[in-house]
Amino acid sequence: MGAGRRSGCGYYQGMAQIPPLGKKFDFYTFIGESNLATIPAGTHPMQPSDTPVRLQRGDFGWGAIHIARDHGHWLDRNKMQVHEMVWAKLQHPGGIYNTEEVDKLKISLRISPSALLILRFIPRYQFFTVVSLYLHPDELDGEHIGQYPGNGLQGPAPNLTLPLPPAPVVVTYKRKFKKPE
């Protein structure tokens, strides 16, 4: 068993790159910007305008933690960390497909390494969050509903970071109680 691996789960070296502190809804940012790409207006029924794509820390079911834990072996083979693979895949065009769930989309990205990117639309805040990213399956279900143009930016992934929360501040106070009369 290689360093960084544990039997029976998808733990991989890149898990160490995800800060252990933070909240699942924290965004990865690049020079303070959390939008990594844009999905064209009208691609999703609830999406009236161009909508940003963001990568959140997530948990074991979605986001960077899910991708690292469940698909880490694939990232290892490609010598990439979660944010690097998400960034690399968002640079290339691909077909957009609907899913069984009304708030999700799939982007089929066939440039090597081919991948399937799953996004969830967050209507309250008007953005798509990355749910999962993994090796493209042979069969793809869902109806083709649009085309993702890609960002067209080439080169290595920028230094995406997940801001660490500030150190906790401990506040103590004494509360005086009046004795009942």
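Analyst: What follows goes from the sheet as a whole to its strands, then to the helices and to one residue between them. This is a predicted model, in which local features need pLDDT of at least 70 and side-chain atom pairs count only at pLDDT 80 or more, whereas totals for chains, interfaces and linings use all residues. Residues are numbered from 1 along each chain as its sequence is written, and side-chain values use heavy atoms, with hydrogens and water left out.

Seven strands make up an open sheet of mixed pairing, in the order β1-β2-β6-β5-β4-β3-β7. Its edge strands are β1 (37-39) and β7, each of which pairs on one side only. On average, neighbouring strands are turned by 35° against each other, direction ignored. Here helices (H or I, at least four residues) and strands (E, at least two) are DSSP runs, numbered from the N terminus, and two strands pair if DSSP finds at least two bridges between them. Axes are lines fitted to C-alpha atoms, for helices over the stretch in contact, and angles run from 0 to 180 degrees between N-to-C directions.

Strand β3 (residues 94-98) pairs with β7 (residues 144-148) in the antiparallel sense over four bridges, with I96 standing opposite G146. Four bridges also join β3 to β4 (residues 104-109), again antiparallel; N98 has L105 as its bridge partner there, and a hairpin of five residues connects β3 to β4. Four of the five residues of β3 are buried, where buried means under 20% relative accessible area, exposed over 50%, and partly exposed in between (1.4 Å probe, protein chains only).

Elsewhere in the sheet, β2 (residues 51-54) and β6 (residues 127-135) run parallel and are joined by two bridges, and R54 stands opposite T129 of β6. T129 is also touched by I122, as is F127, when residues up to four places away in sequence are not counted; I122 itself lies in β5 (residues 115-122). Contact means heavy atoms within 4.5 Å.

Two helices pack on this sheet. Helix α2 (residues 82-90) touches β1, β2, β4, β5, β6 and β7, and its direction makes about 100° with that of β6. Helix α1 (residues 63-77) touches β5 and β6, at about 30° to the direction of β6. The 15 residues of α1 reach 20 Å from first C-alpha to last, close to the 21 Å expected at 1.5 Å a residue, the expected span being 1.5 Å times one less than the number of residues. The buried residues of α1, among them H66, I67 and H71, pack against α2, β5 and β6. After the helix comes K79, whose phi is positive, near 55°.

Leaving aside neighbours within four places in sequence, S132 is in contact with H66, I67, H71, L116, L117 and I118. S132 counts as buried because its relative accessibility is 5%. Its side chain makes a polar contact with the side chain of H66 at 3.0 Å; such a contact is a pair of N or O atoms within 3.5 Å, where within protein one must be able to donate a hydrogen and the other to accept it, and residues adjacent in sequence count only if both atoms are side-chain atoms.
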